[in-house]
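Me: I would like a close look at a single part of this model. Please keep the answer plain and connected.

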Amino acid sequence: MSLKYSRQREEIKNFLMTRKDHPTADVVYMNVRKQYPNISLGTVYRNLTLLADTGEILRLRVGDGVDHFDADTSPHYHFICTECGSVIDLEMDNIDSITEIAGMNFDGQIKGHFTYFHGTCGDCCKKTSS
């Protein structure tokens with residue numbers, strides 16, 4: 001699917017590429033507005049949805065009720081801090097074999113998985129130990 005070029009969509013994608021904290025649509029909106037003061041929150045939401053639906057960005061649903069967005073579409077895993085809610089990329093070996101393991105006693109066809117790791121991030125651990 002070929003999309004008509006949009007400066008606003010390009011700016012949204014460029015903003016996401018500068019971030020590693022997996023911002024929400026509201027954070028994207030507040031930042032893109034600096035460049036495009038007339039952009040609406042609805043336009044940001046529509047473009048984030050379009051970019052996610054076409055696979056140009058990732059939409060993460062981490063259980064906090066809002067979508068987070070990630071410009072890194074390479075296969076990787078995420079850690080969610082149960083204290084501060086931050087979403088952090090995990091550097092680790094690929095665990096795609098989990099799909100095969102899950103399929104061993106399942107008569108359907110598994111096509112993939114989403115795996116999130118939960119716990120306390122390093123910053124929150126430091127706060128509680130001091």
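Is C84 buried, partly exposed or exposed, and at what relative accessibility? Please start from there and then go through the helices.

Reply: This is a predicted model. C84 counts as partly exposed, because its relative accessibility is 46%. Its closest cysteine sulfur belongs to C81 and lies 3.7 Å away, which is too far for a bond. A disulfide would need the two sulfur atoms within 2.5 Å. C124 is likewise in no disulfide, and the nearest cysteine sulfur, that of C121, is 3.7 Å away. With a relative accessibility of 7%, C124 counts as buried. The structure as a whole holds zero disulfides.

Now the helices. Helix α1 covers residues 7–17 and helix α3 covers residues 41–53. They pack at an angle of about 70°, and their axes are 10 Å apart. Angles of 65 to 115 degrees count as roughly perpendicular, so α1 is roughly perpendicular to α3. On the α1 side the contact is made by Q8, R9, I12, K13 and L16. On the α3 side T43, V44, N47, L48, L50 and L51 take part. Sorted by class, this contact of α1 with α3 has six nonpolar, three polar and two charged residues.

For V32, the contacts are E11, I12, F15 and I39, leaving aside residues up to four places away in sequence.

Q35 and E11 are 24 residues apart in sequence, and their C-alpha atoms are 8.3 Å apart in space. Q35 is exposed, because its relative accessible area is 52%, and the cut-off for exposed is over 50%.

Back on helix α1, M17 is part of that helix. M17 is exposed as well, with a relative accessible area of 56%. M17 and L58 are separated by 41 residues in sequence and by 11 Å in space, C-alpha to C-alpha.

Methods. Residues are numbered from 1 along each chain as its sequence is written. This is a predicted model: local features need pLDDT of at least 70, side-chain atom pairs count only at pLDDT 80 or more; totals for chains, interfaces and linings use all residues. Side-chain values use heavy atoms; hydrogens and water are left out. Axes are lines fitted to C-alpha atoms, for helices over the stretch in contact, and angles run from 0 to 180 degrees between N-to-C directions. Helices (H or I, at least four residues) and strands (E, at least two) are DSSP runs, numbered from the N terminus. Angles under 35 degrees count as roughly parallel, over 145 as roughly antiparallel, 65 to 115 as roughly perpendicular and the rest as oblique. Contact means heavy atoms within 4.5 Å. Ala, Val, Leu, Ile, Met, Phe, Trp, Tyr, Cys and Pro count as nonpolar, Asp, Glu, Lys and Arg as charged, and the others, Gly among them, as polar. Buried means under 20% relative accessible area, exposed over 50%, partly exposed in between (1.4 Å probe, protein chains only).
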